[in-house]
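Me: I have a structure open and would like to talk it through with you. Could you take it piece by piece?

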Amino acid sequence: MKISPPNPPLQISIPKLPSPFSSKVSDRIVKLAALDPDGKKHEVVGLTGQTLLKALTNTGLIDPASHRLEEIDACSAECEVNIAQKWLDMLPPRSYDEEYILKRSSRARVMNTHSRLACQVVLTPELQGMVVGVPEPKPWDIP
Ligand code: FES
């Protein structure tokens, strides 16, 4: 009886991809620019995997007290921001709920095409340098 040699062990190489959830904080930094309602530019530093809302509240551009919910059905788009087209194109499309909240919260019931809810935008490495406009709070959001 002829005995054949064992097959060589299967070699699988898994490519190392940058993870948006890397444990090294320095690998997760996403630098953004935000324009406040007066047109003043602010540097905002966020982390991949974090929401845009979290990065803006950490910088003091959005009052965290009025944006605790992050459950969009329970909110009225207080975290609405305007995002430049270049960056808007890189984001996943708005969910039905996000569009509904944005329309419901606009005076004319028409959504600004640059509007997104900052609580629904998750930072990724591709959003490095994104420019975001923070509009004035809506009259009904001012205590
Ligand atoms: S935090 Fe409520 S809609 Fe974004």
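Predicted model: local features only at pLDDT ≥ 70, side-chain atom pairs only at ≥ 80, totals over all residues.

Me: OK, which elements does the protein have, in order from the N terminus?

Reply: The order is α-β-β-α-β-α-α-β-β, which gives four helices and five strands; these are DSSP runs numbered from the N terminus, helices being H or I with at least four residues and strands E with at least two.

Me: And how are β1 and β2 joined?

Reply: Strand β1 (residues 29–35) and strand β2 (residues 41–47) run antiparallel and are joined by seven bridges, where pairing requires that DSSP finds at least two bridges between two strands. They form a hairpin with five residues between them, and Gly 39 in the turn has a positive phi of about 85 degrees.

Me: What stands opposite Lys 31?

Reply: That is Val 45, in β2.

Me: Moving on, where is Gln 50, and is it buried or exposed?

Reply: Gln 50 is in the loop between β2 and α2 (52–59), and it counts as buried because its relative accessibility is 16%; buried means under 20% relative accessible area, exposed over 50% and partly exposed in between, with a 1.4 Å probe and protein chains only.

Me: What does the side chain of Gln 50 lie 2.9 Å from?

Reply: A polar atom of that side chain lies 2.9 Å from the backbone nitrogen of Leu 47. Leaving aside neighbours within four places in sequence, Gln 50 is also in contact (heavy atoms within 4.5 Å) with Ala 55, Asn 58, Val 121, Val 122 and Leu 123.

Me: Which residues have the most contacts inside the largest nonpolar core?

Reply: They are Leu 52, Leu 56, Val 81, Ile 83, Leu 123 and Met 130, in a core of 29 residues; such a core is a set of buried Ala, Val, Leu, Ile, Met, Phe, Trp, Tyr and Cys residues joined through side-chain atoms within 4.5 Å. The largest share of this core, four residues, comes from α2.

Me: What does Ile 83 touch?

Reply: Not counting residues up to four places away in sequence, Ile 83 touches several residues, including Leu 52, His 114, Arg 116 and Met 130.

Key: Residues numbered from 1 in each chain as written. Heavy atoms only, no water. Polar contact = N/O pair within 3.5 Å; in protein donor to acceptor, adjacent residues only side chain to side chain.
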